[in-house]
Amino acid sequence: MAIPLVNLLNTIEFHFLQPLPCLSFDDREIMIESLCKKLRFLQAFLEDSQKNNINCPAWRGLETEIRDVAAEAESKIESELYQLYNEEDAPVEPCQSLHQILQQVTRDIESLERRILQIQIESNRNHSVEPPRRNAAIQNINADSSSKRSSEPNNVMVGCDDEFDTIMHKLISDSNSLEVISITGMGGIGKTTLAERVYNDKVVIASYFDIQAWTTVSQKHNLREMLCDLLRSNDTNRDVSYLASQLRQKLLGQRYLIVIDDIWDTQAWDDIHRCFPEDLNGSRILLTTRLKQVADYVSSGNNLYSMRFLNLNESWNLFYKKVFVEKKFPLEFEKVGRGIVEKCQGLPLTIIVVAGLLSSSSNKPSLNQWENVVANLDLLLDIDPEKKCSKILSLSYDHLPPHLKACFLYFGIFPEDRAIKVKRLIKLWIAEGFLKLELNKSMEEVAYDYLQDLVDRGLVQIDKWSSFGNKIKYCKLHDVLRSFSLREARTEKLLYVINENDNVHELGVGLAASSLDRKACRWVVSDQLSHIDDEPISRSRVLSISESPEYHLPREIVDLVHLRYLALRIHRRASINNYQWCKLRCLQTLIIFDDWASFSPNNILGMPHIRHVHFSQGSLKHRHLPKLVQGNLQTLSWLSLPQRFQTEPDFKAIPNVKELGIYLMGYEESYLSEETWDLLPPISMEGLLNLHQLENLKFETYRFFPKCDIKLLKAFPPNLKKLTLKGTLFSWEDMTIINALPNLEVLKLREDAFCGSEWKATGNGFCKLKYLEVTKLSSLEHWSVDADHFPILECISLNYCRLLVEFPTGFGDINTLQLIDLKNCHSLLVTSAKNFQEERRDLGDDKLVVRQFYTLPKKIIDGWKPADTSTKWSATPTPID
């Protein structure tokens, strides 16, 4: 319910309270900041209402009214701003009508404040709002019993044998210290089921532990009830300190197993853990939680286990046990059953519910019945299991703070089963205004923290790590969670998505009835341009068009003055040089893949809020750099520069850039004759040394040009963490300049970045390098390595190194090496790497993994000759980010 309020607050702060606001008031510190303070009061009210699970009708009615007032206020403010920004000579001072709108919003918020205070007074007087109570379904466990907790059929779960074996081994390990083992993951993933399976083990657990006890904590913990659970006492009138003393005495001298199920905060642990004595006898505490930060707080790293979705085989095993083993269905149902399991999408609770539905539908099973279930399973999953499964998902979602709710629901804009690039996701979140600004943190850092929080809560999955594994590169949402997010987004009136077929997305169908609903939504358009004239689209913050069917873009695109994120792919004949891009004064991210279209990005880099700019190679040329770029700019690629140039490029205009891509052009692309080109000196890049914030640098050259000048290497700033070189044709002797970079963690050498048959890497070198990629170095035949040269290397990736037949033996002394990734390489190189892996195993080191893809047989290699090093691999177009 608080999402529209968060959106309104962020909209006001963006337009009026930033260091470089789009508009300004003489009395903004009084009027605007006062309004923001009132909005934060309402936000705190909603968060408190949610936290305390208050169900008073008057309070719930207020929540709905706050949402509607906030949504309408944001709509009116942005409509007025649209008119202002579209005036040819837009005034710096806002017009009177906008001032009046803000005054009316302030009065509406003040009215809501008074009503909240009145309801609070009446509630305290009449005690009509009871304090929230913990889930009444807590099961009491006898601390004297070894296996009293029932194992109901609905909780039977196979498919997590690896996790079960690991936890069982940890519980009965040789360690005599009291240890806490945590199982973490989203609701419905099987945490409690796994804990029950361990708890009810009659062979090992029951014989190993003297006492077993179980308590379910739930979202709002109550220490007295937790103690009564563990003591199996109904005397809830007893003093907490007395109950704690009783439990401690009960456990003293005993080897015990305590299960603390569904714990939501660290305070619950702080309250209860003092009751568990440390007798150095191997006692254990098993804890389940949805929140990774709770697990981290309670358990050390090697005692934390994250649950995952079941794969298809594990899903089938679970379904099979429920239906074919327990209910003794004939195996002729297996084919249909596997189709049902595939649609259940790996969520254990969903599989159990559907299996229960099938096994209880009839005493005489019918294939027709099962086939009908397959045909209608999507509907069944949306309706019947929602009463059981979605309530669990809702509990995880309801526990999110408002800003994380908006970020989670925004995943609904992405296609199903699609890996989502984290950089793009973060830019979209920033553009939509979902972030709460924090001191000493950039918006990108705040957004990444939000993503990490969602991952830790089990709501978002990690699909791929960055090159050296310390950053999430791609993430994804499980289908079940995506469906849930779409339903909630409809309720919150957050999104309105138009798909590539020019049809309203399923999320939008329920929103079209009300103009307020439409105006309250975020708008994302893909593949089509026909909606630009629509009134809601004209107020959009995000526009992503993957391909224009025209040779030009409509000029009206620059009238979308609220745009903060614009991604376009345009035809090679398109010309948009004369567009008034300066009208997009709110723009933060601009991505134009122009397929060699004619484009001069006049004044774009000088926009006050621009943060990320991506152009195709050859589009953004050195002469387009303005004298002054606002300090917000963090990403710029590709900046095209000639390899020969009389004047040094001035990088002072982009002092705070963190990621920079430079494309070095040949004389043809620079519009110079070959004779003139030969008279010019190699371009100097010394200005790069002044880019103290630069962490990621990419260099690529024109594919038909000789070796780059060595002076280029000497211009790399020492703070670089990631360097990518492509087609530069440096000599291996020049590598000594790169390996001296003190902070380099990732190095990618692509398509003849270096040339020569032998790379001899010896002596001190890459002191911080963790990831090394070598791709398409057509002349590399021999590679020798000294361990001191890569002291902390973790991963090496070799791709299309066809002449390299032996893996460097020097890597054997690098204890940190964990992965060797070989793609399209010689079969002898693969054999060499695997022999190297076996040698490590013989020495007791089994952490090294060798992966191979598309190994090239020797007969293909023998007939292959290295290409002329003056010819490079053709460039691959970069997709819209």
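## A buried glutamate

The side chain of Glu-432 reaches the side chain of Tyr-410 in a polar contact of 2.8 Å. This is a predicted model. Glu-432 belongs to helix H18, which covers residues 422-432. Is Glu-432 buried or exposed? Its relative accessibility is 0%, under the 20% cut-off, so Glu-432 counts as buried.

## The chain overall

The chain holds 27 helices and 28 strands. Of its 881 residues, 53% count as buried.

Among contacts with a separation of 6 or more, 67% are between residues 24 or more positions apart.

## Helix H1

Helix H1 takes up residues 3-16. Its 14 residues reach 20 Å from first C-alpha to last, close to the 20 Å expected at 1.5 Å a residue. How many residues of H1 are buried? The count is 13 of the 14, so H1 is largely enclosed by the rest of the structure.

## The five-strand parallel sheet

Five strands form an open sheet in the order E2-E3-E4-E1-E5, and their pairing is parallel. Strand E2 (211-218) and strand E5 (304-306) are the edge strands, each pairing on one side only. Ignoring direction, neighbouring strands of this sheet are turned by 15° against each other on average.

Strand E1 (residues 179-184) runs parallel to E5, and three bridges join the two.

## The three-strand antiparallel sheet

Another open sheet has three strands in the order E6-E8-E7, with antiparallel pairing. Which strands stand at the edges? They are strand E6 (420-421) and strand E7 (461-465). Each has a single partner strand, so one side of each is left without a neighbour in the sheet.

E6 pairs with strand E8 (residues 472-476) over two bridges, in the antiparallel sense. Ile-420 has Cys-475 in E8 as its bridge partner. Helix H19 (residues 443-456) packs on the sheet and touches E7 and E8. The direction of H19 makes about 50° with that of E8.

## Helix H19

H19 has 14 residues, which should span 20 Å at 1.5 Å a residue. The end C-alpha atoms of H19 are 20 Å apart, which agrees.

Why is H19 described as largely enclosed by the rest of the structure? Because 10 of its 14 residues are buried. The buried set includes Met-443, Val-446, Ala-447, Leu-451, Leu-454 and Val-455. Tyr-448 and Tyr-450 are also buried, as are Glu-444 and Asp-456. Just after the helix, Gly-458 takes a positive phi of about 80°.

## Strand E16 and its partners

Strand E16 (residues 635-642) is mostly covered, with eight of its eight residues buried. E16 pairs in the parallel sense with strand E14 (residues 612-615) over three bridges. His-612 stands opposite Thr-635 in E16.

Strand E15 (residues 620-621) also pairs with E16 in the parallel sense, over two bridges. There, Lys-621 has Ser-640 as its bridge partner. How many bridges join E16 to strand E17? Six bridges do, and the two strands run parallel. E17 spans residues 659-665. Leu-636 stands opposite Leu-660 in E17.

Phe-754 is found in strand E22 (residues 754-755). Its relative accessible area is 1%, under the 20% limit, so Phe-754 is buried.

Which residues does Phe-754 touch, leaving aside those up to four places away in sequence? Leu-725, Leu-729, Leu-749 and Leu-777 are among them. Phe-730 and Trp-732 also touch Phe-754, as do Met-735 and Ile-738. Ser-731 and Asp-734 complete the list. Leu-780 is 26 residues from Phe-754 along the chain, and their C-alpha atoms are separated by 8.7 Å.

Definitions and conventions: Residues are numbered from 1 along each chain as its sequence is written. This is a predicted model: local features need pLDDT of at least 70, side-chain atom pairs count only at pLDDT 80 or more; totals for chains, interfaces and linings use all residues. Side-chain values use heavy atoms; hydrogens and water are left out. Buried means under 20% relative accessible area, exposed over 50%, partly exposed in between (1.4 Å probe, protein chains only). Helices (H or I, at least four residues) and strands (E, at least two) are DSSP runs, numbered from the N terminus. Two strands pair if DSSP finds at least two bridges between them. Contact means heavy atoms within 4.5 Å. The expected span of a helix is 1.5 Å times one less than its number of residues. A polar contact is a pair of N or O atoms within 3.5 Å; within protein, one must be able to donate a hydrogen and the other to accept it, and residues adjacent in sequence count only if both atoms are side-chain atoms. Axes are lines fitted to C-alpha atoms, for helices over the stretch in contact, and angles run from 0 to 180 degrees between N-to-C directions.
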